[in-house]
Every structure is written in structure tokens, then in C-alpha cells.
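Good morning, and thank you for coming.

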Amino acid sequence: MIVTVCMNPAIDKTVEIEEMVHGGLNRIRKVEKDAGGKGINVSKTIAALGGTSTATGFLGGSAGKVITDTLKELGIANDFVEIDGETRTNMKVFENDGTVTELNEPGSVITEEQLAQLMEKIDGYAEEGTLFVLSGSIPKGVPKDIYAQIIRRVKAKGAAVLLDADGELFRNALTAGPDMIKPNHVELEEYAGLSENASEAELCAAVEALRAKGIRNTAVSMGKEGALFLLDGYEVRCPALSVKAHSTVGAGDAMVAALSLAWEKKLSAEETVCLCMAASAGAVMTIGTKPPTLELVTELKKQVKICPLQQREAGVRRLYRNLVDSVKESEIKLGYDYGALRLFYPLATLNHLLQMQVSAAEMQKVLEAFAGCEKETLGALEISAAGERFSVLVPAEGVKYVHEHVEASEFLKELVSQTAAHGCSLEKAEAVFHRYSDQVVCKKMDHGEFDEVLYFADGKPDDYLYCLHEEGGHITYHRFDREDYQDFGF
């Protein structure tokens, strides 16, 4: 079952003119009126593609009745909270050169009682097998964390959530862990603090950072550049289909509808991507916010081209873990002192961790995208570089987060304690490894800086390589990722 939550529906009035004359007379060539708002558009597209959904939200006045009547004519179930005010009307002005000017009304003010009624309706639909689509803006009187509230409530009952929002609504909702999200590239850039027209690598890094937070499925619509799909175990890029575009309004809503329908029908990842691209392309070919027909979408699916992304093996998660491990190691060695911590990474190490092969300039952008998505846990990371050597400053709040939320490795605590003690030998250090695993590999090193390397063959309790050196009754160690160890040629 699919439930679209339409907080701020509208009558979409689309007018066509030759060219906008500001401050003068504009003669309208054609007018179209549609029941609209993002949630309504999603339900209309689901119906056009042969699926079913229930639309809920707030409606009022004569405009609200028009929307209700339209949904009934289309066979779309609806269960709205009736309000005293008038549902808004949005105007979209199309010029011959393709320019679109949108004039959106704010909508009515919602009371606490009306919001409570809607939440009660939503609770009634929440169960396993139900997907809630949360999309679009909210009217006055509704708190900015409403989507986060809904996500937590319905997921507690086993339901799933697809989110399509922007700004503060989007940022707040992500903290509740929606199952799927569909930002456009501008919304993702804003969230991650990226510059305009961010590269594919930057967008992917931002999505991977969200995946590290548990959001497993993301579709990023990019207009004329197509779309990115980073689904659970399936990551691809699709160029935009070559079609005669009439209006880009509603293309994102059509993609959300396709994602929803694919979820309900349990389509494969490839089938999901094809349906999303075809539905979105079909939407730009229609007038106003009318959905594409099933016949058109079926034909357009044949044109979809799928290009695999470079496999990164959750590189952002590896970078995050490496940062956290380094902060924790410093705490074990020096104690927790409530201050910031600066970490240094060669470009080669970052490329290894992120499973990329990019320049220093590109890596700077990737790290800034990563930092923008990790503020909630590691705080405002400061990224700087000198040539191919990068500095990551973890602020005091990030160090505090690791201190309070990440448990110290008992193995590492004992290793640090043992090697710090006067009179420690290689044999005593080796014994620490053997106390925690019977899968220890120890190799002598023909290298002036280190005497031997030890690691756990099965990667437990960790998968680092520890290079040890004995001198004057003291043991020093340095730990490496496997790729870095190989690069150094030890």
C-alpha cells in the first residue's frame, strides 16, 4: 500500500505566453488547471502507471473540493483533513524560450487540532507493507520537524518511508532515517554544503555519507544531466532521455511515483531505474502537471541507458571509520582532553579509503562534501591541504562525540599500555595480539624503521597492519591500512 502525505496541496494553474513583459500587459495564450502539489502529483502518476495509492493531508474551500473531485474521477482514494481555510493556487508561467516563472501561494494556517487529526489518520495506515511518501512543502502552523516525527512514528509500526523535500524539512527528516530519498542535485548540494553544479564524485560522496547513516536508497535527479541511483547494492548513472520537453515541472514527482510503485511491486534495481527514468521523461512531455500515460512510459523505457558507477565499496564509511578510529586511538594514548584533534592524510591514502582515483583539487571538494554530511556526529570538520597532504581538524564536539559514543577497543587499550611500559619487548607486544586471536600473522621486516609487522588474518578485532620497532627497552608501533602498507613497499 502507498500513502502520499500531501501537507500543502494546490490547484496548479499553468499559463502560456510568448514572453514575459514585466510591468506591462501579458496576453495569455493557453491556460491549464490541474489538481496539484507534490503529493497529489505523485498519486496521479501512480494511478496513470496502473498503481493505487491513498492521498491524505489538508484540504479546504472550493479549491479543496476541486482536488477531491479530481481524485475521485481518477479513481484515487483520498482521506484528507478538512480545514476552514482555502487550499492554495499556484501559477506557473511558461514562455516560448522555455523559461518558467512560478508563483506559489503559502497555503492556509493549520491548527494543532487539525495536525493531530492528520497524525491520527497516518497512524491508522502505518503497518508493515505500507510505504509513506512525504514530499513537498508544509503550510504555516506545521512544525519544521513534522516529517521526522512521521518517519519515527510509522517506522515504529513497520512501515517504510520515501522522502522528497528540501531545506530544513529535508535536513530534519534525515535524522529519523527514511528508507528512500529523492533529492534533486540542488537540494543535495545545499544539504552537503557543495558549490553549484557539483561533480558526480562530490554528489556520490554526499550520498555515501548519508548511506553511512543508514539511508540505503537514494535517487538524485539532475535535470538535463539525467540521474544518479545509489540503491542498496546497485549504483548507476543514467543520462537524460532525448525527448521533446514541454515542462520540467512534475518530473521529480514522476520519479518519486516510479520509486514508490517499484517498491510496492518489488521490482529489481534495474527495472526500478528504467521505470524512474521513463516516468520522469514522460512527465516533461506533458502540459502542466499532468502525468505521462502508461503507454508512453512503456515506450520510453526502451530508451533508458544505464551506466555503472565506479564501485567504491562504501568508501565514505571507510573514511568515517578511519577518522573515528584515529580519534579513539589518540584518546587511548593521551587521554580525553576535551580539545580538537588534527589528523593528516596523504592523497594516496584518501583515494584508497574512498576507492577513488582523483586529483588533490577534486579530493578537496569530495572531503568538503563529506564534512557537510557529518556535522551531526563529528561537528564542523575543517579541511585544508598543502599539495597532496591533507589536514582534517576534528573539532572539540566531534572528539566528544567519539568519546561518548564509540567504545574503545580492549585490544588496542592493552597494546598501548604494554608498549608504553618500560622494558617492553617484541615478544611481550606479540603476546597481546595472541591473547585476542588465534589468527595472528607475524612477519619480520627487512626495513630500518620497523622490525616486524603483525595483523589479524580474519580482520578481528581489527584489520589494520601494525609495524613494530624495538629500541632501548621501548616498543613503538605504527598502524597502516593494507593499501597504504603495500604502497610504502615494506
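Alanine 262 is found in helix H8, where helices are DSSP runs of H or I with at least four residues, strands are DSSP runs of E with at least two, and both are numbered from the N terminus. With a relative accessible area of 3%, alanine 262 is buried; buried means under 20% relative accessible area, exposed means over 50%, and partly exposed lies in between, using a 1.4 Å probe and protein chains only. Leaving out residues up to four places away in sequence, alanine 262 touches Leu267, Thr272 and Leu275, contact being defined as heavy atoms within 4.5 Å. Alanine 262 and phenylalanine 456 are 194 residues apart in sequence, and their C-alpha atoms are 43 Å apart in space.

Before I continue, please note that this is a predicted model, in which local features need pLDDT of at least 70 and side-chain atom pairs count only at pLDDT 80 or more, while totals for chains, interfaces and linings use all residues. Residues are numbered from 1 along each chain as its sequence is written, and side-chain values use heavy atoms, with hydrogens and water left out.

Lysine 266 is placed in the loop between helix H8 (251–265) and helix H9 (269–284). Is lysine 266 buried or exposed? Its relative accessible area is 71%, so lysine 266 is exposed. The phi of lysine 266 is near 55°, a positive value in a residue other than glycine. Most residues other than glycine have a negative phi, and most peptide bonds are trans. Asparagine 197 likewise has a positive phi, near 60°, and is not a glycine. Asparagine 197 sits in the loop between helix H6 (185–192) and helix H7 (200–211), and counts as exposed because its relative accessibility is 58%.

A peptide bond also deserves attention here. Which form does the bond from lysine 460 to proline 461 take? The bond is cis, with omega near 10°. Proline 461 belongs to the loop between strand S20 (452–456) and strand S21 (465–471).

I now move to helix H1. This helix is mostly covered, as eight of its eleven residues are buried. The buried residues are Gly39, Ile40, Asn41, Val42, Ser43, Lys44, Thr45 and Ile46. Asparagine 41 lies in H1 (residues 38–48), and counts as buried because its relative accessibility is 7%. Apart from neighbours within four places in sequence, asparagine 41 is in contact with Asp12, Ala35, Gly36, Asp253 and Thr289. Just after H1, glycine 50 takes a positive phi of about 95°.

Asp12 is also in contact with glutamate 32, whose other contacts are Lys13, Thr14, Ile287 and Lys290, not counting residues up to four places away in sequence. Glutamate 32 is found in strand S3 (residues 30–36). Its relative accessible area is 18%, so glutamate 32 is buried. Glutamate 32 and glycine 233 are 201 residues apart along the chain, with their C-alpha atoms separated by 42 Å.

The next topic is a pair of helices. Two packed helices are described by the angle between their axes and the distance between the axes. Helix H3 (residues 112–125) and helix H4 (residues 146–155) pack at an angle of about 30°, with their axes 10 Å apart; axes are lines fitted to C-alpha atoms, for helices over the stretch in contact, and angles run from 0 to 180 degrees between N-to-C directions. H3 and H4 are therefore roughly parallel to each other, a label for angles under 35 degrees, whereas those over 145 are roughly antiparallel, 65 to 115 roughly perpendicular and the rest oblique. H3 contributes Leu115, Met119, Ile122 and Asp123 to the contact, and H4 contributes Ile146, Gln149, Ile150, Arg153 and Val154.

Finally, we come to the nonpolar cores. A nonpolar core is a set of buried Ala, Val, Leu, Ile, Met, Phe, Trp, Tyr and Cys residues joined through side-chain atoms within 4.5 Å. The largest such core has 80 residues, of which Met7, Phe132, Ile146 and Tyr147 touch the most other members. A second, separate core has 35 residues, including Met180, Leu241, Met255 and Leu259.
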